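Here are my notes on the model, point by point. Please read them with the structure open.

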Amino acid sequence: MSMVIGCDLGGTNLRAGLVDTNTGEVSHLLSIPTLAREGHDAVIERMTGLIRDVMSQSANKKFEVEGVGIGVPGVLNPAEGMVLFLPNLYDGWKNVPLCKILGSSLDIPVNIINDVRAITMGEWKFGAGKGASSMICFAVGTGIGGGVVVNNQLVMGFNGTVGELGHTMVDPDGPQCGCGNHGCLEAYASGPAIAAMGIKSVIQGRTTLIGEMVDFDINKITPQIIAEAAQKGDQIAKEIFEHVGKLIGIAATNISLAVGPERIVIGGGVSSCGDLLLDPIRRTLQERIFVMPKERIQVVQAQLGDNAGILGSAVWAEINSAPC
Ligand SMILES: [Zn+2]
């Protein structure tokens with residue numbers, strides 16, 4: 001039996017659970033608020049307490065916890081166990097030796113991996129990517145992250161940087177992205193970008209159900225609201241998902257030509273919109289790929305939800321020796 005604790009450092013919540021890396025079963029799942037504004041020292045202390053709680057809840061069973069894997073939302077050096085920069089967390093976490101700090105206070109090997117690479121690993125081992133020898137994962141949420149598996153291996157590249165799929169360009173002269181470049185996929189197809197298209201259509205007074213559905217409080221417009229409007233037959237809402245799906249499909253086409261995947265997994269909060277998002281991605285791949293057997297590329301919705309990252313971090317910790 002191989003038991004590893006998987007932990008997810010999110011902007012809102014810290015989550016951890018005990019993972020059986022043979023079966024993908026997650027137990028003793030605990031969640032506490034991150035309280036990122038208290039700074040990284042305080043967050044690490046809370047994380048230590050959370051992991052200790054999972055360990056003590058699972059104590060006295062007939063196994064030993066072999067290690068801890070943590071999914072971290074940002075730029076890392078996984079081999080050295082260093083967090084280099086977390087752009088979306090308060091105080092930025094610049095050059096924090098996370099594995100060393102946690103490893104010495106917990107007295108157990110600790111590994112880190114980018115959060116979306118962890119999701120990719122989780123979906124590949126136990127979810128929608130299971131059985132595919134090569135796959136691409138897009139996580140479409142507040143931003144767009146990704147991960148790539150080639151020939152049964154999660155591809156890491158330099159410092160684990162493979163998979164920044166949201167920052168591949170779909171229009172060289174497009175709007176500026178949060179990363180500084182222009183025309184990135186994320187600037188068009190992330191959750192906030194989709195919501196912004198809905199908001200714009202309501203402000204412009206176009207004929208759409210989207211406004212009525214939120215009593216014209218435009219702050220309440222989300223991709224899910226737009227998806228509901230589309231399911232009720234709203235033309236504007238349908239056009240928004242057609243457009244977004246096409247652009248993700250263009251990015252998926254470019255990446256497919258580099259990777260040769262059998263499967264493309266779409267996860268993240270926006271993937272709950274299902275075929276409304278997936279169908280235009282599928283159509284675009286079929287229309288735009290000519291030099292590989294495109295009919296064999298499946299585009300599927302992620303299956304594991306919030307647990308994908310916990311599972312993937314645990315698997316990552318199991319297959320790698322800890323940096324410190
Ligand atoms: Zn970008």
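1. Cys179 is partly exposed, with a relative accessible area of 46%. Cys184 is buried, at a relative accessible area of 0%. Buried means under 20% relative accessible area, exposed means over 50%, and partly exposed lies in between (1.4 Å probe, protein chains only).

2. A word on the basis. This is a predicted model, in which local features need pLDDT of at least 70 and side-chain atom pairs count only at pLDDT 80 or more, while totals for chains, interfaces and linings use all residues. Residues are numbered from 1 along each chain as its sequence is written, and side-chain values use heavy atoms, with hydrogens and water left out.

3. Which residues are the protein donors of the zinc ion? They are His167 (ND1), Cys177 (SG), Cys179 (SG) and Cys184 (SG), lying 2.0 to 2.4 Å from the zinc ion. Along the chain the donors follow the spacing H-x9-C-x1-C-x4-C. Donors here are N, O and S atoms within 2.8 Å of the metal (3.2 Å for Na, K and Ca); water is not among the atoms, so sites may look incomplete.

4. Why is the zinc arrangement tetrahedral? Because the 4 donor atoms subtend angles of 104 to 123° around the zinc ion. Four donors count as tetrahedral if all angles lie between 85 and 135 degrees.

5. Now the other cysteines. A search of the whole structure finds 0 disulfides, a disulfide being a pair of cysteine sulfur atoms within 2.5 Å. Take Cys7: the closest cysteine sulfur, in Cys99, is 11 Å from the Cys7 sulfur, too far for a bond. Cys7 is buried, with a relative accessible area of 0%.

6. Next, an open sheet. Its 5 strands run in the order β10-β9-β8-β11-β12, and the pairing is mixed. β10 (153-154) and β12 (298-301) stand at the edges, each with a single partner strand, so one side of each has no neighbour in the sheet. Strands (E, at least two residues) and helices (H or I, at least four) are DSSP runs, numbered from the N terminus. Two strands pair if DSSP finds at least two bridges between them.

7. Within that order, β8 (residues 135-140) and β9 (residues 144-150) pair in the antiparallel sense over 6 bridges. Cys137 stands opposite Gly147 in β9.

8. Is strand β7 (residues 110-114) mostly covered or uncovered? Covered: 5 of its 5 residues are buried. Val110, Ile112 and Asn114 point one way from β7, and Asn111 and Ile113 point the other way. β7 pairs with β4 (residues 65-72) in the parallel sense, over 5 bridges. Gly71 stands opposite Ile113 in β7.

9. Two backbone angles deserve a look. His28, in strand β3 (residues 25-33), has a positive phi of about 50° although it is not a glycine. Leu35 also has a positive phi of about 50° and is not a glycine; Leu35 lies in the loop between β3 and α1 (40-57). His28 counts as partly exposed at 22% relative accessibility, and Leu35 counts as partly exposed at 39%.

10. Last, charges over rings. Lys125 lies over the face of Trp124, at 4.9 Å from the ring centre. Lys294 lies over the face of Phe290, at 4.8 Å from the ring centre. The cut-offs: NZ of Lys or CZ of Arg within 6 Å of the ring centre and within 35 degrees of the ring normal.

How values were computed:
Tetrahedral: all angles 85-135°; square planar, octahedral: opposite > 155°, others 65-115°.
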